[in-house]
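Visitor: Please take me through this model term by term. I would like each label set against its cut-off.

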Amino acid sequence: MKTSNISRVHLIGLYILLAVSILFLFNFYIHVEEARTGIIQSTPQSLQIVVPPIPERVEIFGEEVPLLDIDVRERLEREIIVNTYWHSNTILMLKRAKRWFPVIEPILVKNKIPDDFKYISVIESNLDNLVSPAGASGFWQFMKGTSPKYKLEITDGVDERYHLEKATQAACDYLNEAYAKFGSWATAAASYNMGIDGVAKQIERQKTTNYFNFTLNEETSRYLFRAIALKLILTNPAQYGFFIEEYEKYDPYKTYEIEVTSDINDLAVWAIDKQINYKWLKKLNPWLRDNKLKVPAGKSYKIKLPVPGSIYIIPD
(Lines give C-alpha, C1' and ligand atoms only; values in the text may rest on other atoms or scores of the structure.)
Protein backbone atom coordinates (compact mmCIF):
# COMPACT_ATOMS: atom_id res chain seq x y z
CA MET A 1 0.00 0.00 0.00
CA LYS A 2 2.85 2.31 0.87
CA THR A 3 4.60 1.48 -2.43
CA SER A 4 1.43 2.33 -4.35
CA ASN A 5 1.21 5.72 -2.62
CA ILE A 6 4.84 6.49 -3.43
CA SER A 7 4.30 5.63 -7.10
CA ARG A 8 1.23 7.85 -7.16
CA VAL A 9 3.26 10.75 -5.69
CA HIS A 10 6.00 10.20 -8.25
CA LEU A 11 3.45 10.20 -11.05
CA ILE A 12 1.84 13.40 -9.81
CA GLY A 13 5.28 14.96 -9.57
CA LEU A 14 6.03 14.02 -13.17
CA TYR A 15 2.72 15.55 -14.32
CA ILE A 16 3.53 18.76 -12.45
CA LEU A 17 7.04 18.85 -13.94
CA LEU A 18 5.62 18.28 -17.42
CA ALA A 19 3.04 21.04 -16.95
CA VAL A 20 5.70 23.46 -15.73
CA SER A 21 7.92 22.56 -18.70
CA ILE A 22 5.09 23.13 -21.17
CA LEU A 23 4.25 26.46 -19.55
CA PHE A 24 7.91 27.49 -19.70
CA LEU A 25 8.21 26.55 -23.37
CA PHE A 26 4.97 28.38 -24.19
CA ASN A 27 6.16 31.52 -22.43
CA PHE A 28 9.52 31.26 -24.17
CA TYR A 29 7.77 30.98 -27.56
CA ILE A 30 5.62 34.04 -26.80
CA HIS A 31 8.74 35.97 -25.80
CA VAL A 32 10.56 35.02 -29.01
CA GLU A 33 7.54 35.97 -31.16
CA GLU A 34 7.20 39.32 -29.42
CA ALA A 35 10.89 39.99 -29.91
CA ARG A 36 10.71 38.98 -33.58
CA THR A 37 7.64 41.17 -34.16
CA GLY A 38 9.32 44.06 -32.44
CA ILE A 39 12.36 43.72 -34.70
CA ILE A 40 10.20 43.69 -37.83
CA GLN A 41 8.22 46.71 -36.66
CA SER A 42 11.38 48.64 -35.81
CA THR A 43 13.11 48.16 -39.16
CA PRO A 44 12.73 50.81 -41.90
CA GLN A 45 11.02 48.35 -44.22
CA SER A 46 8.95 45.21 -43.87
CA LEU A 47 10.86 41.96 -44.19
CA GLN A 48 8.03 40.37 -46.13
CA ILE A 49 9.02 39.66 -49.74
CA VAL A 50 6.02 39.69 -52.08
CA VAL A 51 5.36 40.02 -55.80
CA PRO A 52 4.46 43.69 -56.36
CA PRO A 53 1.13 44.40 -58.09
CA ILE A 54 0.49 45.17 -61.74
CA PRO A 55 -2.56 47.40 -62.29
CA GLU A 56 -5.32 45.99 -64.49
CA ARG A 57 -4.82 48.83 -66.95
CA VAL A 58 -1.55 50.64 -67.62
CA GLU A 59 -0.83 53.61 -69.90
CA ILE A 60 2.37 55.34 -70.96
CA PHE A 61 2.37 58.56 -73.01
CA GLY A 62 -1.41 58.21 -73.26
CA GLU A 63 -1.04 54.87 -75.06
CA GLU A 64 -2.35 51.66 -73.48
CA VAL A 65 0.15 48.94 -72.63
CA PRO A 66 -1.19 45.63 -74.06
CA LEU A 67 -1.05 43.54 -70.88
CA LEU A 68 -3.05 40.72 -72.46
CA ASP A 69 0.17 39.80 -74.28
CA ILE A 70 1.89 37.50 -71.77
CA ASP A 71 5.35 38.57 -72.94
CA VAL A 72 4.51 42.24 -72.39
CA ARG A 73 3.08 41.51 -68.95
CA GLU A 74 6.11 39.49 -67.83
CA ARG A 75 8.58 42.08 -69.13
CA LEU A 76 6.76 44.80 -67.21
CA GLU A 77 6.61 42.64 -64.10
CA ARG A 78 10.36 42.11 -64.27
CA GLU A 79 11.04 45.86 -64.17
CA ILE A 80 8.49 46.45 -61.41
CA ILE A 81 10.15 43.73 -59.30
CA VAL A 82 13.66 45.04 -59.99
CA ASN A 83 12.82 48.63 -59.11
CA THR A 84 10.60 47.75 -56.14
CA TYR A 85 13.42 45.82 -54.49
CA TRP A 86 16.27 48.08 -55.65
CA HIS A 87 15.48 50.12 -52.57
CA SER A 88 18.38 52.57 -52.48
CA ASN A 89 18.01 53.65 -56.10
CA THR A 90 14.23 53.98 -56.03
CA ILE A 91 14.28 55.95 -52.78
CA LEU A 92 16.69 58.41 -54.37
CA MET A 93 14.42 58.74 -57.42
CA LEU A 94 11.48 59.54 -55.15
CA LYS A 95 13.52 62.15 -53.32
CA ARG A 96 15.04 63.75 -56.44
CA ALA A 97 11.78 63.89 -58.39
CA LYS A 98 10.44 66.65 -56.15
CA ARG A 99 13.44 68.83 -57.06
CA TRP A 100 13.73 68.18 -60.78
CA PHE A 101 10.27 67.33 -62.15
CA PRO A 102 9.10 70.95 -61.70
CA VAL A 103 11.94 72.00 -64.04
CA ILE A 104 11.21 69.35 -66.68
CA GLU A 105 7.40 69.33 -66.72
CA PRO A 106 6.67 72.84 -68.04
CA ILE A 107 9.15 72.36 -70.90
CA LEU A 108 7.37 69.15 -71.92
CA VAL A 109 4.04 70.99 -71.82
CA LYS A 110 5.39 73.88 -73.91
CA ASN A 111 6.52 71.42 -76.59
CA LYS A 112 3.34 69.29 -76.44
CA ILE A 113 5.28 66.25 -75.29
CA PRO A 114 3.39 63.80 -73.01
CA ASP A 115 4.19 64.35 -69.33
CA ASP A 116 5.24 60.70 -68.97
CA PHE A 117 8.46 61.47 -70.83
CA LYS A 118 9.88 62.80 -67.59
CA TYR A 119 10.29 59.13 -66.64
CA ILE A 120 12.65 58.73 -69.60
CA SER A 121 15.00 61.16 -67.88
CA VAL A 122 14.67 59.04 -64.74
CA ILE A 123 15.76 55.84 -66.46
CA GLU A 124 18.40 57.61 -68.56
CA SER A 125 20.28 59.24 -65.71
CA ASN A 126 18.60 58.62 -62.34
CA LEU A 127 17.94 62.39 -62.37
CA ASP A 128 21.65 63.07 -62.07
CA ASN A 129 24.35 64.50 -64.33
CA LEU A 130 25.86 61.14 -65.22
CA VAL A 131 28.35 60.27 -67.91
CA SER A 132 27.81 56.89 -69.57
CA PRO A 133 30.67 54.60 -70.63
CA ALA A 134 29.92 55.69 -74.22
CA GLY A 135 30.21 59.36 -73.27
CA ALA A 136 26.52 60.31 -73.15
CA SER A 137 26.08 63.06 -70.56
CA GLY A 138 23.56 64.90 -68.45
CA PHE A 139 20.00 64.13 -67.38
CA TRP A 140 18.99 63.35 -70.97
CA GLN A 141 22.23 61.54 -71.92
CA PHE A 142 23.08 63.34 -75.16
CA MET A 143 26.14 62.26 -77.10
CA LYS A 144 28.67 64.92 -78.04
CA GLY A 145 28.26 64.25 -81.76
CA THR A 146 24.48 64.70 -81.83
CA SER A 147 24.31 67.69 -79.49
CA PRO A 148 24.89 70.47 -82.08
CA LYS A 149 21.91 69.23 -84.15
CA TYR A 150 19.70 69.95 -81.16
CA LYS A 151 21.36 73.32 -80.40
CA LEU A 152 23.38 72.24 -77.39
CA GLU A 153 26.66 74.13 -77.18
CA ILE A 154 29.80 72.20 -76.29
CA THR A 155 33.13 74.00 -75.89
CA ASP A 156 36.08 73.74 -73.53
CA GLY A 157 34.25 75.92 -71.02
CA VAL A 158 30.59 75.16 -71.70
CA ASP A 159 28.66 71.90 -72.07
CA GLU A 160 24.92 72.45 -72.32
CA ARG A 161 24.18 68.75 -72.02
CA TYR A 162 24.44 69.57 -68.29
CA HIS A 163 22.03 72.52 -68.60
CA LEU A 164 18.77 70.88 -67.60
CA GLU A 165 16.40 73.36 -69.23
CA LYS A 166 18.29 73.42 -72.53
CA ALA A 167 18.87 69.65 -72.55
CA THR A 168 15.15 69.07 -71.88
CA GLN A 169 14.31 71.35 -74.80
CA ALA A 170 16.73 69.39 -76.98
CA ALA A 171 15.09 66.13 -75.89
CA CYS A 172 11.68 67.57 -76.83
CA ASP A 173 12.98 68.54 -80.27
CA TYR A 174 14.26 64.99 -80.77
CA LEU A 175 11.05 63.37 -79.57
CA ASN A 176 8.83 65.55 -81.76
CA GLU A 177 11.01 64.61 -84.72
CA ALA A 178 10.73 60.91 -83.87
CA TYR A 179 6.98 61.09 -83.30
CA ALA A 180 6.49 62.81 -86.66
CA LYS A 181 8.29 59.89 -88.28
CA PHE A 182 6.77 56.95 -86.37
CA GLY A 183 3.35 58.23 -85.25
CA SER A 184 3.71 56.53 -81.84
CA TRP A 185 5.14 57.98 -78.65
CA ALA A 186 6.18 54.52 -77.44
CA THR A 187 8.14 53.92 -80.63
CA ALA A 188 9.58 57.44 -80.42
CA ALA A 189 10.74 56.63 -76.87
CA ALA A 190 12.44 53.45 -78.11
CA SER A 191 14.26 55.55 -80.70
CA TYR A 192 15.61 57.74 -77.91
CA ASN A 193 17.57 54.68 -76.83
CA MET A 194 18.58 53.17 -80.16
CA GLY A 195 18.27 56.10 -82.55
CA ILE A 196 15.72 57.04 -85.19
CA ASP A 197 17.65 55.20 -87.89
CA GLY A 198 17.98 52.14 -85.67
CA VAL A 199 14.23 51.92 -85.10
CA ALA A 200 13.52 52.58 -88.79
CA LYS A 201 15.71 49.61 -89.70
CA GLN A 202 13.85 47.35 -87.26
CA ILE A 203 10.49 48.48 -88.63
CA GLU A 204 11.63 47.52 -92.11
CA ARG A 205 13.10 44.24 -90.90
CA GLN A 206 10.26 43.13 -88.61
CA LYS A 207 7.31 44.61 -90.56
CA THR A 208 5.76 46.26 -87.51
CA THR A 209 5.64 49.80 -86.11
CA ASN A 210 4.42 48.77 -82.66
CA TYR A 211 7.13 48.84 -79.98
CA PHE A 212 5.45 46.01 -78.08
CA ASN A 213 5.79 43.72 -81.12
CA PHE A 214 9.49 44.39 -81.63
CA THR A 215 12.23 41.88 -80.89
CA LEU A 216 15.15 44.11 -79.87
CA ASN A 217 18.46 44.06 -78.05
CA GLU A 218 18.31 43.59 -74.28
CA GLU A 219 18.74 47.26 -73.41
CA THR A 220 16.09 48.65 -75.76
CA SER A 221 13.76 45.73 -75.07
CA ARG A 222 13.75 46.66 -71.37
CA TYR A 223 13.93 50.42 -71.92
CA LEU A 224 10.28 51.42 -72.10
CA PHE A 225 9.24 48.87 -69.48
CA ARG A 226 11.67 50.46 -67.03
CA ALA A 227 10.01 53.83 -67.64
CA ILE A 228 6.56 52.32 -67.10
CA ALA A 229 7.69 50.63 -63.88
CA LEU A 230 9.19 53.86 -62.51
CA LYS A 231 6.02 55.73 -63.43
CA LEU A 232 3.92 53.23 -61.46
CA ILE A 233 6.20 53.34 -58.43
CA LEU A 234 6.79 57.09 -58.36
CA THR A 235 3.09 57.93 -58.76
CA ASN A 236 1.96 55.42 -56.11
CA PRO A 237 4.99 54.62 -53.93
CA ALA A 238 3.03 53.29 -50.95
CA GLN A 239 1.54 50.51 -53.08
CA TYR A 240 5.09 49.29 -53.68
CA GLY A 241 6.26 49.63 -50.09
CA PHE A 242 7.88 53.08 -50.19
CA PHE A 243 6.84 55.50 -47.47
CA ILE A 244 8.81 58.69 -48.06
CA GLU A 245 7.52 61.69 -46.13
CA GLU A 246 7.20 64.95 -48.03
CA TYR A 247 9.77 66.66 -45.82
CA GLU A 248 12.27 63.88 -46.63
CA LYS A 249 12.23 64.71 -50.35
CA TYR A 250 14.65 67.19 -51.92
CA ASP A 251 13.17 70.66 -52.34
CA PRO A 252 13.78 72.58 -55.59
CA TYR A 253 16.57 75.14 -55.45
CA LYS A 254 15.40 78.74 -55.19
CA THR A 255 17.40 80.70 -57.74
CA TYR A 256 17.52 83.82 -59.87
CA GLU A 257 19.56 84.51 -63.01
CA ILE A 258 22.25 86.99 -63.93
CA GLU A 259 22.98 87.61 -67.60
CA VAL A 260 26.69 87.61 -68.38
CA THR A 261 27.85 89.42 -71.52
CA SER A 262 31.62 89.52 -70.96
CA ASP A 263 34.38 87.09 -70.01
CA ILE A 264 34.76 85.86 -66.44
CA ASN A 265 38.45 85.15 -65.89
CA ASP A 266 38.06 83.41 -62.52
CA LEU A 267 34.71 81.88 -61.61
CA ALA A 268 35.77 81.30 -57.98
CA VAL A 269 36.49 85.00 -57.48
CA TRP A 270 33.29 85.89 -59.33
CA ALA A 271 31.28 83.54 -57.08
CA ILE A 272 32.70 85.05 -53.88
CA ASP A 273 31.81 88.49 -55.21
CA LYS A 274 28.21 87.24 -55.52
CA GLN A 275 28.18 86.09 -51.88
CA ILE A 276 28.40 82.37 -52.66
CA ASN A 277 31.31 80.00 -53.35
CA TYR A 278 32.73 78.06 -56.29
CA LYS A 279 31.08 74.80 -55.17
CA TRP A 280 27.56 76.23 -55.23
CA LEU A 281 28.18 78.12 -58.46
CA LYS A 282 29.07 74.83 -60.17
CA LYS A 283 26.27 72.93 -58.44
CA LEU A 284 23.64 75.34 -59.73
CA ASN A 285 25.32 75.68 -63.13
CA PRO A 286 26.90 72.30 -63.96
CA TRP A 287 27.15 73.34 -67.63
CA LEU A 288 30.11 75.54 -66.63
CA ARG A 289 32.96 73.11 -67.28
CA ASP A 290 36.02 75.24 -66.52
CA ASN A 291 37.12 77.69 -63.84
CA LYS A 292 36.58 80.56 -66.28
CA LEU A 293 33.98 81.55 -68.86
CA LYS A 294 34.73 83.00 -72.26
CA VAL A 295 31.83 84.91 -73.78
CA PRO A 296 32.03 85.35 -77.58
CA ALA A 297 31.17 88.74 -79.05
CA GLY A 298 27.41 89.23 -79.36
CA LYS A 299 26.63 86.28 -77.09
CA SER A 300 25.50 86.08 -73.47
CA TYR A 301 24.96 83.39 -70.82
CA LYS A 302 22.51 83.25 -67.93
CA ILE A 303 24.03 82.05 -64.68
CA LYS A 304 21.86 80.90 -61.78
CA LEU A 305 22.50 82.14 -58.27
CA PRO A 306 20.70 81.13 -55.08
CA VAL A 307 18.07 83.40 -53.62
CA PRO A 308 19.77 85.01 -50.58
CA GLY A 309 19.13 82.93 -47.48
CA SER A 310 17.83 79.90 -49.38
CA ILE A 311 21.00 77.83 -48.89
CA TYR A 312 23.68 77.66 -46.22
CA ILE A 313 27.16 78.66 -47.37
CA ILE A 314 29.89 77.08 -45.22
CA PRO A 315 32.22 79.85 -44.04
CA ASP A 316 35.94 79.44 -44.73
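Guide: What follows is a set of questions about labels, each answered from its definition. The model is predicted: local features need pLDDT of at least 70, side-chain atom pairs count only at pLDDT 80 or more, and totals for chains, interfaces and linings use all residues. Residues are numbered from 1 along each chain as its sequence is written, and side-chain values use heavy atoms, with hydrogens and water left out.

Visitor: What makes a segment a helix or a strand here, and how many are there?
Guide: Both are DSSP runs numbered from the N terminus, helices being H or I with at least four residues and strands E with at least two. The protein has 10 helices and four strands, in the order α-β-β-α-α-α-α-α-α-α-β-α-α-β.

Visitor: Why is Tyr174 called buried?
Guide: Buried means under 20% relative accessible area, exposed over 50%, and partly exposed in between (1.4 Å probe, protein chains only). Tyr174 has 10% relative accessibility, so it counts as buried. Tyr192, at 12%, therefore counts as buried too. Of the 316 residues in the protein, 40% are buried.

Visitor: Why is the pair of Tyr174 and Tyr192 called edge-to-face?
Guide: Rings of Phe, Tyr and Trp (its six-membered ring) pair if their centres lie within 6.5 Å; planes under 30 degrees apart are stacked, over 60 edge-to-face, and the rest tilted. Here the centres are 5.3 Å apart and the planes stand at 90 degrees, so the pair of Tyr174 and Tyr192 is edge-to-face. Tyr174 belongs to helix H5 (residues 164-182) and Tyr192 to helix H6 (residues 185-194), so the pair ties together parts 18 residues apart in sequence. Ring pairs also link Trp140, Phe142 and Tyr150 with Tyr174 and Tyr192 in a cluster. The structure holds 16 aromatic pairs.

Visitor: What makes Arg99 count as lying over the face of Tyr253?
Guide: The test asks for NZ of Lys or CZ of Arg within 6 Å of the ring centre and within 35 degrees of the ring normal. Arg99 lies over the face of Tyr253 at 4.1 Å from the ring centre. Arg289 lies over the face of Tyr162, at 3.9 Å from the ring centre.

Visitor: How do you know that helix H4 is mostly covered?
Guide: In H4 (residues 118-125), eight of its eight residues are buried. Among them are Lys118 and Glu124. The buried residues of H4 pack against helix H3 (87-110), H6 and H8, where contact means heavy atoms within 4.5 Å.

Visitor: Where does Gln275 lie, and why is Gln275 called exposed?
Guide: Gln275 lies in the loop between helix H9 (267-273) and helix H10 (278-284). At 65% relative accessibility, Gln275 therefore counts as exposed. Its phi is positive, about 70 degrees, although Gln275 is not a glycine.
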